Amino acid sequence: DQFDRYLVVSRANAALAGEHRAGKLGSTIAEKFRFPGPRQIGGERFPHDQANVDLRIERLRAYAKKAPHLLPKNFATDEFLDRFARETRLVIEHQDKIYGYLNAASDFIALCHWNINIDNAWFWRDEQNRLGVGFLDWGSAGQMNIARAFWGMACAAELDLMDAKREALMEAFVDQYRAAGGPPISLDEFRFMYRLAISVDAFHWMIDAPTIVETHLPDYHMVRDRFDPRLQNVFLARAQQHILTVMLNEFAAADVEDAIGELLVRVGESERVAG
């Protein structure tokens, strides 16, 4: 029941955000959960320059060549990795505008749980068999653009779930945010915010995944697949390997080059976005 669980988590996080914006959580929330949130502090600019990012892209290429069976779809191909490298160069170039746009979108700024993957939640069913959810691990909770929190929820989901249900989860989030008292944002704008959030947050937090996997499981290329016990039993290797694939999947779906091009039009830039 992946979808049911991600759906109830999406609605609960959106309800938290909407009730915050509606003033239902008390007068001290702004002091306890400041903007920017803890996950954003120190993370609003890439810690690596373009040369160091290029080195990390090369490590990803080496990872893909050594263990293509751990990267689904076409993510291990030169064609995809060339596109990824081209688009990440655009992200580095325009990161200030991306972060600035996300943080200036006042209708989208609210208290959220940034890391509400389903292993940070517990679930139950009531007398009517309706699924309920509670949240754990509040260390990264804070005020942030709600689309960034959506990535924090989706980052460990299965790829087939995201491909089939991404739009439905977004729609549920937006509907619940508005119903809980949040501003009347549109699904189209939320989708655009998510594409921008993927371009910086997903890339930023997962670019070192190949190195982390190799550090904790040097013979990662020898495992049969992602379910091999040799990978499953090493938490950091398992988690980083899987979230790396989600990052690549969402980055591809976001069409980052097009998203940055639209952003530049919105902020009045005239330069052409091209690799």
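In this report, contact means heavy atoms within 4.5 Å. What you're looking at is a predicted model, where local features need pLDDT of at least 70 and side-chain atom pairs count only at pLDDT 80 or more, while totals for chains, interfaces and linings use all residues. Residues are numbered from 1 along each chain as its sequence is written, and side-chain values use heavy atoms, with hydrogens and water left out.

## Inside the protein

Let's start with Phe-203. Leaving aside neighbours within four places in sequence, Phe-203 is in contact with Phe-46, Val-53, Ile-57, Phe-84, Thr-88, Val-91, Ile-92, Ile-198, Met-247 and Phe-251.

Phe-203 also belongs to the largest nonpolar core, which has 87 residues. A nonpolar core is a set of buried Ala, Val, Leu, Ile, Met, Phe, Trp, Tyr and Cys residues joined through side-chain atoms within 4.5 Å. Buried means under 20% relative accessible area, exposed means over 50%, and partly exposed is in between (1.4 Å probe, protein chains only). Which members of the core touch the most other members? They are Ile-146, Phe-190 and Phe-203. Helix α4, residues 78–104, gives the most to this core, with 11 residues. Helices (H or I, at least four residues) and strands (E, at least two) are DSSP runs, numbered from the N terminus.

## Salt bridges

Now for some charged pairs. A salt bridge is a side-chain nitrogen of Lys or Arg within 4 Å of a carboxyl oxygen of Asp or Glu. How many salt bridges does a search of the whole structure find? The count is 21. Here are three of them, with the distance taken from N to O.

| Pair | N to O distance |
|---|---|
| Glu-58 and Arg-61 | 3.3 Å |
| Arg-166 and Glu-250 | 2.8 Å |
| Glu-189 and Arg-266 | 2.8 Å |

Take Glu-58 and Arg-61. These two sit 3 residues apart in helix α3 (residues 50–66), so about one helical turn separates them. Glu-58 is partly exposed, at 45% relative accessible area.

Next comes the salt bridge between Arg-166 and Glu-250. Arg-166 is in helix α6 and Glu-250 is in helix α10, so this pair ties together parts that lie 84 residues apart in sequence. Are Arg-166 and Glu-250 buried or exposed? Both are buried.

Glu-189 is buried, with a relative accessible area of 18%, whereas Arg-266 is partly exposed at 36%. Some salt bridges share partners, and these join Lys-73, Asp-163, Arg-166 and Glu-250 into one network.

## A closer look at two glutamates

Back to Glu-189 for a moment. Its helix, α7, covers residues 187–206. The side chains of Glu-189 and Arg-266 are also joined by a polar contact of 2.8 Å. A polar contact is a pair of N or O atoms within 3.5 Å; within protein, one must be able to donate a hydrogen and the other to accept it, and residues adjacent in sequence count only if both atoms are side-chain atoms. Not counting residues up to four places away in sequence, Glu-189 touches Tyr-101, Phe-108 and Arg-266.

Glu-167 is found in helix α6, residues 159–179. This glutamate counts as partly exposed, at 36% relative accessibility. Apart from residues up to four places away in sequence, Glu-167 touches Leu-187 and Arg-191. Glu-167 and Arg-191 are 24 residues apart in sequence, yet 8.5 Å apart in space, C-alpha to C-alpha.

## On the surface and in the loops

Leu-136 sits in the loop between β3 (131–135) and β4 (142–145), and at 38% relative accessibility Leu-136 is partly exposed. Together with Trp-122 and Trp-124, Leu-136 forms a nonpolar patch on the surface.

Asp-137 lies in the loop between β3 and β4 too. Most residues other than glycine have a negative phi. Asp-137, though, has a positive phi of about 55° without being a glycine, and is partly exposed at 43% relative accessible area.

Asp-255 also has a positive phi, near 50°. Where is Asp-255 found? In the loop between α10 (235–254) and α11 (256–266). At 34% relative accessibility, Asp-255 counts as partly exposed.

Methods. Patches are made of residues with over 30% relative accessible area and no salt bridge: like charges are joined within 9 Å, nonpolar side chains (Val, Leu, Ile, Met, Phe, Trp, Tyr) within 5 Å. Accessible areas come from the Shrake-Rupley method with a 1.4 Å probe; for residues, only the protein chains shown count as cover.
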